[in-house]
Amino acid sequence: MAQATSLAPGKSPLVEPAAQSRAPARRSGGLRNIGRTWPVLVLFLPPAILLFTLFVILPIGEAGWYSLFDWSGYGRPDEFIGLKNFELLWRSGAFRTALTNNGLIIVISLALQLPLALWLATLVSHRIPGATVFRLIFFLPYVLADVAAGLIWRFIYDGDYGLVASIASLLGFETPYVLADRTIAIYAVLAVIVWKYFGFHMMLFIAGLQSIDKSLYEAADIDGATGWQKFTNVTLPLLSPTIRLSVFFAVVGSLQLFDMIMPLTGGGPSNSTQTMVTFLYTYGITRMKVGFGSAIGVVLFVICVTLAFGYRRIFMKND
Amino acid sequence: MTDLAATSGRQPGYAESRRRPDFVTQLYIYGSLFIVAAIVLVPLLTTALGGLKTLGELRVNPFGLPTQWQWANYGDILFSSRYWRMLGNSFLIAGLTTALTLAVAAMAAFTLAHVRFFGAGFLMNYFLLGLMFPIATAILPLFIRIRDLGLLDSYMGVVLPQVAFGLGMAILLFRNFFRNVPKELFDAAFVDGSGYIRFFWYVTLPLSRPILATVAIVAFVNSWNNYIMPLIMLNSQDKYPWPLGIMVYQGEFSTDWQLVLAFITLTILPTVIVFFAAQKHIVSGLTAGAVKG
Amino acid sequence: MARIALQSVRKSFGYHPVLHGVSIDIEDGEFVILVGPSGCGKSTLLRMIAGLEEVTAGDIRIGDRVVNDLAPKERDIAMVFQNYALYPHMTVAENMAFSLKLAGAPKAEKDAAVGRAAEILGLAPLLGRYPKELSGGQRQRVAMGRAIVRDPSVFLFDEPLSNLDAKLRVQMRGEIKSLHQRLKTTMVYVTHDQIEAMTMADRIVVMNGGRVEQIGRPLDLYETPANLFVASFIGSPSMNLIEGEVARGDGRPLFRTTDGLALPLPDGTNAAPGRRLVYGVRPEHVAPAAEADADATATIELVEPTGAETQVQMRLGEHLATGTFRDWPIGRPGERIGLRLQRDKIHLFDQETGERLDAARPRTAGAAGRAA
């Protein structure tokens with residue numbers, strides 16, 4: 001606490017200033033304290049620090065510790081097995097599928113969802129009647145819970161009752177059991193992800209588009225730019241902060257994907273739609289393999305840290 | 001690009017939209033928008049209508065209006081205590097989570113924004129760590145901690161971790177807002193005889209309604225829709241919030257799709273109603289974390 | 001009501017000193033203005049009196065108490081801020097009553113105090129409004145009302161008029177001055193505007209670089225600036241200053257510059273020949289003169305009529321000089337003009353120290369306030 005005390009009352013002003021040692025109060029961003037700060041420090045900070053440490057930071061640290069044990073969660077972890085859990089993980093085909101799937105989700109998000117969201121953002125930014133309504137409709141899936149979205153699409157994909165089935169039979173195809181087919185189930189899941197999340201990214205882009213100065217487009221018009229040239233030379237470069245943001249959310253979102261997979265496929269058929277978190281749930285939590293599950297958590301942690309630093313190196317250089 | 005909500009009402013700032021597009025362009029725009037809107041809405045409408053059909057009709061006529069409206073599907077659920085207890089649980093958990101997040105995060109962010117103390121910068125970064133990691137990284141140790149605290153299968157066992165994981169974003173949003181409270185207001189309040197705590201109560205909080213609403217919406221919606229935390233922390237069905245309840249229901253009536261669809265419709269109905277009633281606040285709230293963070 | 005005494009007050013931000021020992025005595029009921037360029041430490045000093053900044057060294061007394069360690073609310077002061085600092089979510093009445101509310105005063109007392117202040121400032125019709133519904137001048141008045149409600153023994157003003165337009169500033173200047181005459185409370189006022197200081201203050205404290213340059217009544221500062229800084233800071237347009245040295249003329253000493261000017265020294269100057277000085281004369285003490293009476297001849301560069309008077313910029317040797325002339329047929333740029341300097345209005349300063357050089361006139365007390 002930087003509570004440099006001031007002179008005691010009545011102290012002689014004749015004392016040489018150099019002799020009066022002071023705690024140097026640095027000026028941090030113009031912020032200076034006035035009056036007593038200890039009540040606010042004592043009352044306002046501990047709840048947040050306590051909650052955050054107890055339920056976020058410590059568990060992350062413990063995951064690293066537990067991952068070195070074979071432990072059922074009861075008693076104390078005493079069966080130290082070193083890095084065996086990680087070795088098991090690496091040898092697990094299902095985990096490799098999960099990793100691939102997470103990667104695939106990121107790729108689809110970037111290659112399909114972002115362009116789609118950007119395209120729709122430019123469309124609804126036109127001054128046309130009903131634009132607001134369309135924005136809200138597109139945003140609606142994002143507001144719904146993943147679980148509800150998953151269940152709805154489980155019905156849509158259902159081979160006996162679902163929409164996909166009847167569309168197929170209408171067109172004369174054989175009724176597909178989309179979610180039961182291990183080669184296409186993951187693509188069905190990807191479609192649902194795009195369906196649910198493109199609206200969120202669209203809203204980001206709308207905000208980004210609004211922050212672009214209109215006069216730049218007028219200047220481009222006068223310079224004789226076509227619509228597409230304006231898009232590539234004005235819109236895209238000025239939208240790059242938003243695009244970065246959108247990429248960030250797509251990546252983080254894909255890494256924690258769980259809620260939606262459970263009602264859709266539960267990770268099946270034969271682990272073909274596992275993600276890292278569903279894998280963690282299936283093989284770590286339901287079987288109470290705390291050590292193994294923690295190892296998955298650690299891998300997820302390492303990926304997050306790597307991505308976060310990579311992201312900063314790639315994107316934040318100019319910021 | 002601060003207020004996304006205002007987007008809906010205000011004139012679009014996007015420059016290409018200044019002039020009304022010509023007819024061909026309009027056709028292209030509306031055509032595209034209607035197709036995408038259909039892709040979004042058809043599954044939702046099919047679900048709602050499916051709940052009004054018999055299983056047999058669902059099989060032959062999955063979309064389209066029901067020939068016989070089976071209101072009983074909805075009625076039975078609406079008159080069951082199960083449905084209401086589920087929503088009540090969700091409401092209680094989300095309400096507690098929101099209240100705690102607001103109180104704890106606002107106090108911490110206020111201190112970080114206005115008081116200079118040793119380690120302030122470090123502490124802020126410490127909280128920001130919470131933005132980087134999904135809950136899943138630590139879910140097993142978290143489970144063991146909650147168990148050891150004796151909070152397993154209690155509302156607080158769900159609420160506390162939810163609050164803790166929401167703190168990073170909430171503190172960030174609050175601090176950025178609080179920082180913009182003019183420094184002179186603080187000086188004036190001090191001359192008027194206020195201290196930090198009374199300034200927080202009498203000046204900061206009343207001035208922070210927009211950000212309080214934003215953080216509240218983020219916390220409430222996240223909790224309302226959360227599945228993994230209650231899934232791991234709760235055992236007894238009478239404490240289940242709706243995402244768990246709906247999965248249990250689906251498990252029980254797995255092939256009676258018409259009942260499951262009715263149940264889904266009724267559980268997402270509150271969300272949809274609130275969304276359209278308060279769309280302005282919800283859109284800005286849920287994108288605020290992205291835009292203002 | 002109270003005296004304020006600052007004794008060798010110092011302030012550092014970290015290792016960066018901003019006040020180097022300031023001593024000022026302010027009488028009970030006096031209106032004192034701290035003036036100086038931005039960064040001179042005047043606002044910091046005011047905030048230290050208010051209790052918003054800690055005192056690094058020295059003593060601040062209000063009344064009989066050393067207040068160094070007292071919180072703002074214990075100092076019996078009120079402050080008006082540059083941006084008014086009105087609470088946006090409170091009405092005018094609530095803003096004014098906030099300090100009493102914090103002190104737990106009963107409603108009747110709050111209403112009475114607010115009513116009294118509102119009456120003084122003509123704010124009664126605005127009491128129910130919010131700050132955003134007020135004009136700049138009204139906000140300014142509310143900020144003053146908030147200070148009056150506290151009925152303090154000292155009022156502090158931190159550049160309160162700097163956000164107002166020129167016309168309103170003149171009007172509020174008058175209001176603050178009449179407020180002081182009515183309340184007769186000690187007031188300390190900070191501004192960077194020397195005209196504000198000259199027109200309102202009982203006494204002015206000129207500050208520069210964390211030091212007091214001079215303390216005195218407005219006209220004392222104008223007529224006998226203690227040093228070069230005060231000479232150039234007070235007065236508009238500012239004083240003409242020319243470097244040179246004392247030389248022996250025909251019988252009486254002269255002031256000679258390197259570019260060959262020879263200017264008259266005031267009577268009774270006892271500077272030794274060869275001494276290096278700065279010669280100062282205010283534009284209003286320069287008058288056009290016929291060739292025979294002229295002390296110097298200049299070339300007109302720029303003529304700026306303002307109506308009542310005309311400011312003329314001239315080249316005098318290699319120097320630029322300004323003159324403020326009334327009713328004289330002034331020539332056009334490029335023409336020569338004879339100048340006569342008013343002998344008793346000539347200021348001399350030492351080139352090394354910048355200090356004023358006439359022992360003949362009494363030094364103002366405040367010059368001693370400049371700490372070692």
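**A walk through chain C**

In this predicted model, C:E304 stands opposite C:Q311, a residue of strand β17 of chain C. The two strands around this position are β16, which covers residues 296–305 of chain C, and β17, which covers residues 310–316 of chain C, and they pair in the antiparallel sense over six bridges.

Turning to the chain as a whole, the domain assignment of chain C gives domain 1, residues 4–229, and domain 2, residues 240–355. The centres of domain 1 and domain 2 of chain C, taken over C-alpha atoms, are separated by 40 Å, and four residues of domain 1 of chain C are in contact with six residues of domain 2 of chain C. On the side of domain 1 of chain C that touches domain 2 of chain C, three residues are nonpolar, one is polar and none is charged.

Chain C also meets chain B, in a contact that takes 17 residues from chain C and 14 residues from chain B. On the side of chain C that touches chain B, the elements giving two or more residues are β6 (77–80) and α2 (92–102) of chain C, and by class this side of chain C has 13 nonpolar, three polar and one charged residues.

Definitions and conventions
Residues numbered from 1 in each chain as written. Chains lettered and ligands numbered in written order. Predicted model: local features only at pLDDT ≥ 70, side-chain atom pairs only at ≥ 80, totals over all residues. Pairing = 2+ DSSP bridges. Helix = DSSP H or I, 4+ residues; strand = E, 2+ residues; numbered from the N terminus. Domains from an automatic or database assignment. Contact = placed C-beta atoms within 7 Å. Nonpolar A, V, L, I, M, F, W, Y, C, P; charged D, E, K, R; others polar.
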